[in-house]
Amino acid sequence: MAGPRTPLLRPDSYFERHDGSPPFAHAAAAVALVTIATAGGLAVFLGEFAAALDVPITVDNPAYPGEAFCEDSMFDDTPSGCGEPKEVERSLGALVAEELSWLPPATVVLVPVFWLVQGGVLHAASALADGEGAFTDTLAVAGWGMVPSLARLLGVGALIVYRLRTAAVPGTPDGAIDALRAAIGGVEAIGLLAALVVAIWAGVIRTYGLADARDHSVGTAATIVGVLTAIGLVFELV
């Protein structure tokens, strides 16, 4: 009978089946999925936020060169753009989304870097406990441990989108911001609960993976993973 194809539900059987050396390519594909989903989720959130905060606001017109060039200019010819209005009306949500538009593409780089850092920390902690095994195996374990975060991303993300779409937003910038804060304010506690559930799920995966990949007992692996997970949760709460 074939064993499980991923360690998400039966990590003990999965890692035991691969005799301490889980396929690195499979873990890399899982991290790629997490990367794409995270970047896509951020893009969706920015779009929904811009739509919810579709409130007009007056801002300086970037096409207008400025009074120093247009009204007090020493040039004989009027500079291009002086006929443009000094201020224009823009959507507040669109402006915020534009300012944060770098986040989705940055995620494509940051998630794999985070994977490497997690793998390095896990490998170093294992080495302090006399663990033995290749770094690529530890990296595969760390990669699979990132997959449960997709459940948090989808669950909490869907709740935030629902709150944004159903929020009653006033027509003034200050009122709209306060309304959105109130709408998504309760999501924080749910997000922390989801973080705890995901941390436990990921911790179980990493415990059995580290035990097989680095030749630890399950108890030793659980101690290593538990300490690192607790530290990670503390940083998230700060």
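These are my notebook entries on a predicted model of one protein chain.

**Entry 1: the whole chain**

I began with the overall make-up. I found ten helices and two strands in the chain. Reading along the sequence, I wrote down the pattern α-α-β-α-β-α-α-α-α-α-α-α.

Next I looked up the dimensions. The C-alpha trace spans about 80 × 45 × 35 Å along its principal axes. The radius of gyration is 25 Å, whereas a compact globule of 238 residues would have one near 18 Å.

Then I turned to cover and contacts. Of the 238 residues, 35% are buried. The accessible surface comes to about 13500 Å², and carbon and sulfur atoms hold 64% of that. Among contacts with a separation of 6 or more, 72% are between residues 24 or more positions apart.

**Entry 2: helix H6**

Is H6 mostly covered or mostly open? I noted that H6 is mostly covered, with ten of its twelve residues buried. I listed the buried ones as Asp137, Thr138, Leu139, Ala140, Val141, Ala142, Gly143, Trp144, Gly145 and Met146.

Which helices do the buried residues of H6 pack against? My list has H1 (11–17), H2 (24–52), H5 (103–128), H7 (149–166) and H9 (187–213).

**Entry 3: a patch of valines**

Val108, Val109, Val113, Val117 and Val121 make a nonpolar surface patch of about 400 Å². I followed up one of them, Val117, which lies in helix H5. Val117 counts as partly exposed, because its relative accessibility is 47%.

**Entry 4: salt bridges**

How many salt bridges are there in this model? The count came to three, and I went through each pair.

Glu48 pairs with Arg165, and their closest N and O atoms are 2.6 Å apart. Glu48 sits in helix H2 and Arg165 in helix H7, so this pair ties together parts that are 117 residues apart in sequence. Glu48 is buried at 14% relative accessibility, while Arg165 is exposed at 60%.

Arg90 forms a salt bridge with Glu98, and here the closest N and O atoms are 2.6 Å apart. Arg90 is partly exposed, with a relative accessible area of 29%. Glu98 is also partly exposed, with 46%.

Arg181 pairs with Asp178, with 3.9 Å between the closest N and O atoms. Both belong to helix H8 (residues 173–184), and because they are three residues apart there, about one helical turn separates them. Arg181 is exposed at 58% relative accessibility, and Asp178 is partly exposed at 47%.

I looked at backbone angles in two loops.

Asp130 has a positive phi, near 65°. I placed Asp130 in the loop between H5 and H6, and noted that it is exposed at 65% relative accessibility.

Asp215 has a positive phi too, near 60°. Asp215 lies in the loop between H9 and helix H10 (218–237). At 60% relative accessibility, Asp215 is exposed.

**Entry 5: two single residues**

Last, I followed two residues on their own.

Ala199 is in helix H9. Is Ala199 buried or exposed? I put Ala199 down as buried, because its relative accessibility is 15% and the cut-off for buried is under 20%. Leaving aside neighbours within four places in sequence, I found Ala199 in contact with Thr229 and Leu233. I also looked up Ala199 and Leu128, which are 71 residues apart in sequence and 22 Å apart in space, C-alpha to C-alpha.

Where is Asp54? I found Asp54 in the loop between H2 and strand E1 (56–60). Asp54 is exposed, with a relative accessible area of 54%. Asp54 and Pro170 are 116 residues apart along the chain, and their C-alpha atoms are separated by 9.9 Å.

Technical notes:
Residues are numbered from 1 along each chain as its sequence is written. This is a predicted model: local features need pLDDT of at least 70, side-chain atom pairs count only at pLDDT 80 or more; totals for chains, interfaces and linings use all residues. Side-chain values use heavy atoms; hydrogens and water are left out. Buried means under 20% relative accessible area, exposed over 50%, partly exposed in between (1.4 Å probe, protein chains only). Helices (H or I, at least four residues) and strands (E, at least two) are DSSP runs, numbered from the N terminus. Contact means heavy atoms within 4.5 Å. Patches are made of residues with over 30% relative accessible area and no salt bridge: like charges are joined within 9 Å, nonpolar side chains (Val, Leu, Ile, Met, Phe, Trp, Tyr) within 5 Å. Accessible areas come from the Shrake-Rupley method with a 1.4 Å probe; for residues, only the protein chains shown count as cover. A salt bridge is a side-chain nitrogen of Lys or Arg within 4 Å of a carboxyl oxygen of Asp or Glu. The radius of gyration is taken over C-alpha atoms; the globule rule is 2.2 Å times the number of residues to the power 0.38.
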